[in-house]
Amino acid sequence: MIPAVLYAVPAFLLLIVVEAVSYRFLPDDDERGYELRDTTTSLSMGLGSQLIGVPWKLLTVGLFAALWTVAPVHLSPGDWWTWVILFFADDLAYYWFHRSHHEVRVLWASHVVHHSSVHYNLSTALRQSWTPMTALPFWLALALLGIPPWMIFLQQSVSLLYQFFLHTERVNVLPRAIEWVFNTPSHHRVHHGSNTEYLDRNYGGILIVWDRLFGTFTPERAPARYGLTRNIDTYNPLRVATHEFAAIWSDVRRASGWRDRLGHLFGRPGWQPAR
């Protein structure tokens, strides 16, 4: 099974070029635009993610299929409401996957890759983790609901395709009705901001309503400062992919007891034992 996102790669690259050219002819002093080394790192991370992700998807097919086999009901792709259930179930699964990867440090070590650029453009969307294994548990329930595995993978690809277009400063605020229901570039700029008021906000995939329901929504007010609260200042893809895992290992090795070791692994990013 080849992820549908792979078929969109040529379009992604073309749109990145178009956006980069737009900064050449329509510059904006408030937007950071592109930087060649940063963009190269993002593309390298995306390539590595796909190289690892394709065989990993093949391995997960078997697990999804096994769970679907024992599901009490099997939903038919021929029924329109199966697709409606899939859309909302997938988007809710994505919300909790995304939120947990900001709130649990060992999961953040995988997701931090996506937040490591101090630029915010379409190439940033391709700066993806090389450890997709941490996402698996959040979609298992969809197979148990009786949704065929191929439909789950297809909807995951649809969500990622939608989110590609969120990574831009070239789109301002959309009409209020759209901003209220859907995730938009404005909402996602907040998510990528390292401003104190923007940290750990706006986790939605396609919809922003989950953030409104669960109290994690913040509208865009001040311009976002992109990147991490402590930037790693490197364009080395291997270091981008592994730096937080290395930091966790260092903290765990220095910890004085198991309680502190577990805290470094499963506490929030930045957790430190009480002095």
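In these legends, Ala, Val, Leu, Ile, Met, Phe, Trp, Tyr, Cys and Pro count as nonpolar, Asp, Glu, Lys and Arg as charged, and the others, Gly among them, as polar. The model shown is a predicted one.

**View A. The lining of the largest pocket has 22 nonpolar, 20 polar and two charged residues.** This pocket holds about 1100 Å³ of space. Look for Ser-49, Gln-50, Lys-57, Gln-128 and Leu-160, which sit nearest its centre among the 44 lining residues. H3 gives the most to the lining of the largest pocket, with 11 residues.

**View B. Helices H4 (residues 80–103) and H7 (residues 149–164) pack with their axes 10 Å apart.** The angle here is about 60 degrees, so H4 and H7 are oblique to each other. Their crossing is right-handed. On the H4 side, the residues that meet H7 include Trp-83, Phe-87 and Tyr-94, and among their partners in H7 are Trp-150, Met-151 and Gln-155. Sorted by class, the contact of H4 with H7 has eight nonpolar, five polar and one charged residues.

**View C. The second largest pocket holds about 660 Å³ of space.** Trp-108, Leu-228, Thr-229, Glu-244 and Pro-269 are the ones nearest its centre, out of 26 lining residues. H5, H9 (185–192) and H11 (237–254) each bring at least two residues to this lining, and H11 gives the most, with five. By class, the lining of the second largest pocket splits into eight nonpolar, 11 polar and seven charged residues.

Technical notes:
Residues numbered from 1 in each chain as written. Predicted model: local features only at pLDDT ≥ 70, side-chain atom pairs only at ≥ 80, totals over all residues. Heavy atoms only, no water. Axes fitted to C-alpha atoms, helices over the stretch in contact; angles between N-to-C directions. Helix = DSSP H or I, 4+ residues; strand = E, 2+ residues; numbered from the N terminus. Parallel < 35°, antiparallel > 145°, perpendicular 65-115°, else oblique. Left-handed = near helix turned anticlockwise from the far one by under 90°. Contact = heavy atoms within 4.5 Å. 1 Å grid on protein atoms, 1.4 Å probe; cavity = no way out; pocket = protein on both sides within 12 Å on 5 of 7 lines; lining within 4 Å. Points joined across faces, edges and corners; volume = space filled by probe spheres on them.
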